[in-house]
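Subject: Structure for you to look at

Hello,

Please find below the structure I promised to pass on. My notes on what turned up in it follow after the display.

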Amino acid sequence: MRTASELLQILRGIKMIKLIGLLLIIFSGLGLGLHLSAKEKRHLSAVFAIEKMFNETQLMLRYEAVTFKELIAYLKKSSQTRCLEFLQIDENSPDLRQEIIASIRLNKDNLYEDEVFQLEAFFSQFGATDLFGQIALAEKYGENFRERLELLHSESRTRCRLYNSLGILGGTFIAIMVI
């Protein structure tokens with residue numbers, strides 16, 4: 001038979017395990033909120049890089065007559081666009097355009113569906129017209145992504161705060177329900 005002091009120590013140990021479990025639940029909620037917030041920030045930086053890609057494309061076409069292959073090689077190395085995963089393909093591919101489109105469809109940059117569609121449309125049409133048509137095409141899609149970036153930038157702060165708050169509050173709520 002156990003004494004009262006032994007039973008009291010066992011109860012304290014159980015309470016300590018419960019407390020640790022509750023803290024783990026709260027911190028996992030916080031971690032989920034931080035993860036979603038970071039994902040939102042990565043998406044914003046990808047859209048920013050795509051907008052810069054269109055700017056760089058326009059400049060390259062206006063002031064330097066470059067081939068499609070040279071343009072992609074430059075964009076892969078540019079400090080503003082090298083973070084884009086869909087550009088990280090083999091430049092020596094026989095059908096570079098289709099390789100890029102296939103890479104865009106893999107969506108490693110975590111883009112929204114309409115953004116993937118716009119990039120696919122751009123790379124499908126790019127190079128099919130004369131120089132001025134290509135510049136106009138880059139301007140059109142660049143403007144679309146510029147507007148998208150402004151919208152995302154204004155929403156991003158609110159979403160990040162919301163994700164962080166909901167994560168900690170959700171974890172706390174579950175921890176209270178477990179008690």
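A residue is called buried when its relative accessible area is under 20%, exposed when that area is over 50%, and partly exposed in between (1.4 Å probe, protein chains only). By that rule, asparagine 107 is partly exposed, because its relative accessible area is 24%.

Before the rest, some background. This is a predicted model, in which local features need pLDDT of at least 70 and side-chain atom pairs count only at pLDDT 80 or more, while totals for chains, interfaces and linings use all residues. Residues are numbered from 1 along each chain as its sequence is written, and side-chain values use heavy atoms, with hydrogens and water left out. The score pLDDT is the predictor's confidence in each residue, from 0 to 100. It averages 87 over the chain, and 99% of the residues score at least 70. Helices (H or I, at least four residues) and strands (E, at least two) are DSSP runs, numbered from the N terminus. Confidence is lowest in α1, with a mean of 86, and highest in helix α4 (residues 113–125), with 92.

The loop

Asparagine 107 sits in the loop between α3 (96–106) and α4, and asparagine 110 lies in that loop between α3 and α4 too. Most residues other than glycine have a negative phi. Asparagine 107, however, has a positive phi, near 55 degrees, and the phi of asparagine 110 is also positive, near 55 degrees. Asparagine 110 counts as partly exposed because its relative accessibility is 37%.

The core

A nonpolar core is a set of buried Ala, Val, Leu, Ile, Met, Phe, Trp, Tyr and Cys residues joined through side-chain atoms within 4.5 Å. The largest one has 36 residues, and those touching the most other members are Ile50, Met53, Phe86, Ile100, Leu119 and Phe123. Helices α1, α2, α3, α4 and α5 (131–178) each give two or more residues to this core. The largest share, 9 residues, comes from α1.

Contact means heavy atoms within 4.5 Å. Leaving aside neighbours within four places in sequence, leucine 119 is in contact with residues including Ile50, Met53, Phe86 and Phe145. In helix α2 (residues 68–77), the buried residues include Phe68, Leu71 and Ile72. Among the elements covering the buried residues of α2 are α1, α3 and α4.

Charged residues

Glutamate 51 belongs to helix α1 (residues 4–63). Is glutamate 51 buried or exposed? Glutamate 51 is buried, because its relative accessibility is 6%. Beyond its neighbours within four places in sequence, glutamate 51 is in contact with Gly142, Phe145, Arg146 and Leu149.

A salt bridge is a side-chain nitrogen of Lys or Arg within 4 Å of a carboxyl oxygen of Asp or Glu. The structure holds 8 of them. One joins glutamate 139 and arginine 62 (2.1 Å, N to O). That pair links distant parts of the chain, with glutamate 139 in helix α5 and arginine 62 in helix α1, 77 residues apart.

Glutamate 115 and arginine 148 form another salt bridge (2.7 Å, N to O). Glutamate 115 is in helix α4 and arginine 148 in helix α5, so this pair ties together parts 33 residues apart in sequence. Both glutamate 115 and arginine 148 are buried.

A network of salt bridges links Glu40, Glu155 and Arg159.

Regards
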